[in-house]
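Please have a look at the model first.

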Amino acid sequence: MLIEYIFFAAFLIYFIILQSIWAVSKYKKVRAELNQNTRGKLKFYRETIFASWVAVFLLFGMIMLTPLSSRDLGLNQIVLHSPKWLSYTVTAIMSIYSAYLIYQTIALRICAVNQRKVKLKLSDDVAAILPDSKNEKILYFFVALSAGFSEEILFRGYLMYALGEFFPGLHLWIILLITAGIFGIAHLYQGKSNIIATGFIGLVYGMIYLAVGSIIPVMVLHFLQDVSAVDFKTVRTTGNLAA
């Protein structure tokens, strides 16, 4: 249907072109405002949450207007695919890493409450958008929650489905690489140096999605990944993460 092609084109134009242009031309100004004005950061968080859910609501509107279903987006139960040993391995690694992120979040929260410093390596671009005050940390929690849901359903759920649907000749690995690349570009606001790192994370998330057959565990992992940084600025000193 025409509406499916229009939505797909709009998706690519926004995340590849408009988001990148905004990041390159505007982010220095945004960073300055975030560093100088506490209310500016809270506004930034609110706008981020709003933009995340608008995209999701538009996508669910697609489900009502087209043959697209929630199952196409990965919103279904976990099903381990063949080879089973690979699916079990990926599931085990994902579970261990999730446990580590939960531990890190709790440990850094304890350090923050007790005003203890931890050696952390953090780029200025990323540090600029992380919370400082209590109010910022509360709202940042919802930023992480929104990103975990919206980015996974958009990039791993919808984009992987759409590429396979519109370009059936594409190999699965090519689809994974394309979605990972677009995911990295969409995070250009975190700095050019982070495109590759974020793209690699997107590639891993895509592989996990394929291994478990559901986007839901990846949403949880993505949320844990983001929310684990809630106290980074509060406890950070210059250097590498302390052993």
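E136 and K41 meet through their side chains in a salt bridge, with 3.9 Å from N to O; the term stands for a side-chain nitrogen of Lys or Arg within 4 Å of a carboxyl oxygen of Asp or Glu. This pair links distant parts of the chain, 95 residues apart: E136 belongs to helix 5 (residues 134-166) and K41 to helix 2 (residues 38-65). Helices here are DSSP runs (H or I, at least four residues), numbered from the N terminus. E136 is buried at a relative accessible area of 3%, and K41 is buried at 2%; buried means under 20% relative accessible area, exposed over 50%, and partly exposed in between (1.4 Å probe, protein chains only).

This is a predicted model, in which local features need pLDDT of at least 70 and side-chain atom pairs count only at pLDDT 80 or more, while totals for chains, interfaces and linings use all residues. Residues are numbered from 1 along each chain as its sequence is written, and side-chain values use heavy atoms, leaving out hydrogens and water.

The structure holds six salt bridges, including these:

| Pair | N to O distance |
|---|---|
| E136 and K41 | 3.9 Å |
| D132 and K233 | 3.2 Å |
| D231 and K137 | 2.6 Å |

D132 lies in the loop between helix 4 (124-127) and helix 5, and K233 in helix 9 (residues 232-235), so their pairing ties together parts 101 residues apart in sequence. D132 is partly exposed at 41% relative accessibility, whereas K233 is buried at 19%.

D231 and K137 are both buried.

Which residues join in a network of salt bridges? K41, D132, E136 and K233 are linked in this way.

Technical notes. Helices (H or I, at least four residues) and strands (E, at least two) are DSSP runs, numbered from the N terminus.
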